[in-house]
Amino acid sequence: MTVINSSRSRAVRSRTGRVLTYALVLALALAIAVPVVWVLLASLKQKSEFFGSPWTLPEGLRLRNYADAFVDAHMGQYFLTSVFVTVLGLVLVLAVSVPAAYVIARYDFPGRGIVEIALLGGLFVNVNYIVVPIFLMLVGWDKALVDVFPGGFFIDNPAMLSLVYAATSIPFTIYLLTAYFRSIPVEYEEAASLDGASRWRIMTRIMLPMARPAVTTVILFNFLAYWNDFIISLTLLPGDGKTVQVGLLNLFTAQKAAADYGRLYAGMVIVIAPVLIVYAFIQKRLIEGMASGGVKG
């Protein structure tokens, strides 16, 4: 009888734990979904609709707000700048980090421990704290090359912003990829080597496809960091070539004074939409990568 009661008690606790878990997940999902849906509905409202209840549905689909934000408020130009900066930054960081992580994981060379310690130390450096020294360094380079580039080259250059993004995210990217490469059995490489495959071919044709969950994870995290950055882009792009985050602040300042909130919320949707789309496409591989990193790393 005692055993039966103990089993029933454990079953009740297990069901209670599942219910609480589901309730917490549902609450977190609603906390994220409700503001997103509210911004989407607000972006379709006319100016007069904002002076009533903020929770009412829009009377019509005022897509003109998106056209105004994209063209008149230059959010389209800022959007393209952010796409260029983000894509180039991802290409640069992967081009450096994938071979470097593979070498650190598989090669035993002098100074490897020092390199790993340096990369580990880079994980604790917040780039927002060193953005001023980076800015002063680039200004100094522009002054040194003023005869060659009178209008400047390093400051207000989206390509340089991508390079800064990539350079500052290399420690995290290499750290995660190295841990994943080490979790892959070396027998795969030995078999490919016996078949005559070169080291480059082994890395690109065997190791990289097997590490796809980890690569997807670093792509998503770096994409979010680049796309959502404000301080670095504001500092290094002081001219007209702004990113969407800086452009959204300008739009907020302008539309708050004009009380045209429909255009403002349309600008917010333009900024949010790429993040939701990218996450929707790679969420499965992201979960696989996080699980693999936690179990194998």
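This is a predicted model: local features need pLDDT of at least 70, side-chain atom pairs count only at pLDDT 80 or more; totals for chains, interfaces and linings use all residues.
**Notebook: cavity, pocket, helix contact, rings**

Residues are numbered from 1 along each chain as its sequence is written, and side-chain values use heavy atoms, with hydrogens and water left out.

My working terms: on a 1 Å grid over the protein atoms alone, a cavity is a set of points where a 1.4 Å probe fits but cannot get out, a pocket is an open set with protein on both sides within 12 Å along at least five of seven lines, and lining residues have an atom within 4 Å of a point. Grid points are joined across faces, edges and corners, and a volume is the space filled by probe spheres set on the points.

I read about 30 Å³ of space in the largest cavity. Its lining is Ser82, Val85, Thr86, Tyr165, Tyr226, Trp227, Asp229 and Thr243. Helix H3 (75-106) and H9 each give two or more residues to that lining, and H3 gives the most, with three. (Helices are DSSP runs of H or I, at least four residues, numbered from the N terminus.)

**Pocket**

Next I looked up the largest pocket, with a volume of about 380 Å³. I noted 17 lining residues, of which Val127, Thr168, Ser169, Ala225 and Tyr226 lie nearest its centre. Helix H6 (158-183) supplies the largest share of the lining, five residues.

**H8 against H9**

How are these two helices set against each other? I found H8 (residues 199-210) and H9 (residues 212-228) packed at about 70 degrees, their axes 5 Å apart. (Axes are lines fitted to C-alpha atoms over the stretch in contact, and angles run from 0 to 180 degrees between N-to-C directions.) That makes H8 roughly perpendicular to H9, a label for 65 to 115 degrees. Leu208, Pro209 and Met210 of H8 meet Arg212, Pro213 and Val215 of H9, contact meaning heavy atoms within 4.5 Å.

**Rings**

Last, I counted eleven aromatic pairs; rings of Phe, Tyr and Trp (its six-membered ring) pair if their centres lie within 6.5 Å. I picked out tyrosine 102 and phenylalanine 181: their ring centres are 5.9 Å apart and their planes at 80 degrees, so the pair is edge-to-face, the class for planes over 60 degrees apart. This pair links distant parts of the chain, with tyrosine 102 in H3 and phenylalanine 181 in H6, 79 residues apart.

Key: Angles under 35 degrees count as roughly parallel, over 145 as roughly antiparallel, 65 to 115 as roughly perpendicular and the rest as oblique. Rings of Phe, Tyr and Trp (its six-membered ring) pair if their centres lie within 6.5 Å; planes under 30 degrees apart count as stacked, over 60 as edge-to-face and the rest as tilted.
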